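Subject: Structure handover

Hello,

Please find the structure below. My notes on it follow.

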Amino acid sequence: MHTDGDDAVTVTPCEDGPLLLRGPFRLVAQDGTPIDPGRSTVALCRCGLSSVKPFCDGSHRAGGFRATSAPDPGP
């Protein structure tokens with residue numbers, strides 16, 4: 001579902017970096033346990049190298065992680 005307005009959550013994949021999550025989101029572990037994000041905008045790791053997962057700690061830079069911010073092209 002797409003909504004426009006202040007109550008919309010946005011996820012922005014950053015080129016060669018994390019996923020930025022903004023808006024009134026709720027972050028939970030796989031078992032449903034709440035994860036306190038500590039702020040209203042967070043960077044979530046997508047390279048797998050962060051030492052503070054699920055959050056990004058910048059390890060993607062040293063690890064050479066590469067990804068575009070656009071979706072992968074179709075077949």
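The model is predicted, so local features need pLDDT of at least 70 and side-chain atom pairs count only at pLDDT 80 or more, whereas totals for chains, interfaces and linings use all residues. Residues are numbered from 1 along each chain as its sequence is written, and side-chain values use heavy atoms, with hydrogens and water left out.

Sheet. Three antiparallel strands make an open sheet, ordered β1-β2-β3. Strands are DSSP runs of E with at least two residues, helices runs of H or I with at least four, both numbered from the N terminus; two strands pair if DSSP finds at least two bridges between them. β1 (10-13) and β3 (41-44) are the edges; each has a single partner strand, so one side of each lacks a neighbour in the sheet. Between β2 (residues 19-22) and β3 there are four bridges, and Leu 19 sits opposite Leu 44.

Charged pair. The count is one salt bridge (a side-chain nitrogen of Lys or Arg within 4 Å of a carboxyl oxygen of Asp or Glu). Asp 16 and Arg 66 form it, with their closest N and O atoms 3.9 Å apart. Asp 16 lies in the loop between β1 and β2, and Arg 66 in the segment after α1, 50 residues apart. By relative accessible area (1.4 Å probe, protein chains only), buried means under 20%, exposed over 50%, and partly exposed in between. Asp 16 is partly exposed at 23%; Arg 66 is exposed at 60%.

Histidine. His 60, in helix α1 (residues 59-63), is buried at 9%. Beyond neighbours within four places in sequence, its contacts (heavy atoms within 4.5 Å) include Asp 16 and Cys 47.

Regards
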